Number of protein chains: 2
Amino acid sequence: MGRRGEHSKSEIECMALEAAEAIIEAEGYDALSARKVASAIGYTVGSLYFVFRNLDELVQRINGRTLDQLYAGLIEALSDCRHPQQCIYALGGAYLGFAARHPHRWRMIFEQQPRDDKLTIEVYQEKMDRLYELMEIQLKALAARPEEEVFIATRALWSGIQGIASMTIGRIPDSEEEQWAHKLSRHLIGHYLTGLGTTQFSSRVNQPVGQLVDYPK
Amino acid sequence: MGRRGEHSKSEIECMALEAAEAIIEAEGYDALSARKVASAIGYTVGSLYFVFRNLDELVQRINGRTLDQLYAGLIEALSDCRHPQQCIYALGGAYLGFAARHPHRWRMIFEQQPRDDKLTIEVYQEKMDRLYELMEIQLKALAARPEEEVFIATRALWSGIQGIASMTIGRIPDSEEEQWAHKLSRHLIGHYLTGLGTTQFSSRVNQPVGQLVDYPK
DNA sequence: CTGTTCAAATGAACATCATTTAATAAAACA
DNA sequence: TGTTTTATTAAATGATGTTCATTTGAACAG
C-alpha cells in the first residue's frame, strides 16, 4: 500500500504507465482497467485519478510512448542501410516488425477514439509527422520531385505499409503472419518505387499487356 | 412493449440489427449497448439474449451485413468501368467512398476482436475473400502472371487501399478527408500498376536517378 | 367458458467498470 | 504542540454485459 510520500507524483505516473503497458501487452487493450493498474502498482483507483485525468489520458500517454519506441526502432533500422531504396525497405520492415512484436499496443494507436481533447491530438500528430519524415527523406534522396509529389508519395507509401500491417498482423504474435506481411511489403514497395521511377521520365513508355488506361483526371 | 407473439424470432433479430446499426452509424461503436438496442425496438434486454448469444454475436452479424453492402457497392462500381485498370481505380474509389460514408461501421469490421468462435470467423473470411476476388479478376485481366504473383498483388493492393482509408478516414464524415483519400489512392494504385507493368518484361529497364538497388532476397 | 400448458418476455440480480467525492491520515510547517 | 496541507483511501454513483427466476398471455383441452 503506497505509503504517504513514498513515491512522487511522477514516479507513480511512470509506474502506472509501465504496469498498464504490461497488462496491454499481455492481455490486450480490453483487459485494461483502472483497478487492475492501480492494484498492480500497490495503490487504489482514486490515486490513479490523482495523476491522470481519466483512463483516456493514460492510454494516450502510452500511445505517445509507443510512437517514441517505434520511432527509435525506425532510426535503428536506418543505420543498417545505405541506398535510399534499401532504407525504404528497411523502414517498412522495421515498422512491420514492431507491429508484430507489440500487436496490442500498436493497434491501440489507431483504435483509440478521443472524445474531446484536441491538444493531445496535436502532440500525437507531431509524433506521426516525425515518422513520415523518415520516409520523406528517403524519397527525396531517391529522385528529385516537386515537394507536393514527395508529400503524397510519403503518405501513400506509409499508408500502404500500415494497411499491410492491419490486414495481416493479428492479436497474438505469429511468425508466419509476420513473414507474410514482410513479403507483401517488399512486393508493394518494390513495384510502387519501380512505378515511381519509370514515370520520372515518361509516364507511359512501357504499356503493359492488357489495356493500360490513364485514370480520368 | 413487444406483446406476446407480435414478432417472430427472426423479425426481432432483424429489428435489433437495424436499430443497432442506426445507433452505431449515429453515435459510434462505443455508444452501442444492449439496453439501448432493446429499448429502441420496444423490448427489454433479456429478449435480446433470447435472439443473440451475446453482444459480440450481434456485432459480428452487423459486420457481416456491412461486408455484404460493401461488396454490393464494389459490384456496382464495376459496372461503370471497362478496362481492368479503370476497374481497379473504381474498386479503390468505391471502397474509400463506402468507408467515408459509413466510418463507424467500416471501422468496426477491423476493430472487433473475437475472443472465441472460429466458426463465425470463417464466414467472415469468406466474405473478405469475395472482396479480394473482385480485385484478383482485374489483375488477371491486366496481365498474365503466375497465380502466386496475382495472389500477392491482390493482397498488397487491397492492403494499400485499406491503409489509406485507415489513415485518412476519421470518425465523422468529412468531404475534404475523402478527397485526400481518393488522391492518395489514385497515386498509389497508379504507380504500383505502372511498376507491375514495367517489371513484366524486365525488372530493371528503367533505373531511376538515385541508386535503385534490388532488395536482398 | 374454464383450466392447463408452455414459450415469450420481463425485470431484478450480479459482477464489473469508470469516475467522483467525502473522509482520513500522514507529513510539513508554525 | 497544534495547524495546515495534501496524498491516499473507501465508499458511493450510475452504467455496463449477462443470467435467471418469475410472470404473462396466447393457444389449446375439456
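## Salt bridges in the predicted model

Glu27(A) counts as partly exposed, with a relative accessibility of 48%. Its side chain meets that of Lys36(A) in a salt bridge, at 3.4 Å from N to O. This is a predicted model, and over all chains the count comes to 24 salt bridges. Here is a friendly tour of a few of them, chain by chain.

**Chain A: the Glu27–Lys36 pair**
- Lys36(A), the partner of Glu27(A), is partly exposed as well, at 32% relative accessibility.

**Chain A: helix α1 to helix α6**
- Glu25(A) and Arg105(A) form a salt bridge whose closest N and O atoms are 2.6 Å apart.
- This pair links distant parts of the chain: Glu25(A) sits in helix α1 (residues 9–27) of chain A and Arg105(A) in helix α6 (residues 103–111) of chain A, 80 residues apart.

**Chain A: a network**
- Salt bridges also join Asp68(A), Lys127(A) and Arg130(A) into a network.

**Chain B: helix α1 to helix α4**
- In chain B, the side chains of Glu13(B) and Arg61(B) meet in a salt bridge at 2.8 Å, N to O.
- Glu13(B) belongs to helix α1 (residues 9–27) of chain B and Arg61(B) to helix α4 (residues 55–78) of chain B, so their contact ties together parts that are 48 residues apart in sequence.
- Arg61(B) counts as partly exposed, at 34% relative accessibility.

Terms used. Residues are numbered from 1 along each chain as its sequence is written. Chains are lettered from A and ligands numbered from 1 in the order in which they are written. This is a predicted model: local features need pLDDT of at least 70, side-chain atom pairs count only at pLDDT 80 or more; totals for chains, interfaces and linings use all residues. Side-chain values use heavy atoms; hydrogens and water are left out. A salt bridge is a side-chain nitrogen of Lys or Arg within 4 Å of a carboxyl oxygen of Asp or Glu. Helices (H or I, at least four residues) and strands (E, at least two) are DSSP runs, numbered from the N terminus. Buried means under 20% relative accessible area, exposed over 50%, partly exposed in between (1.4 Å probe, protein chains only).
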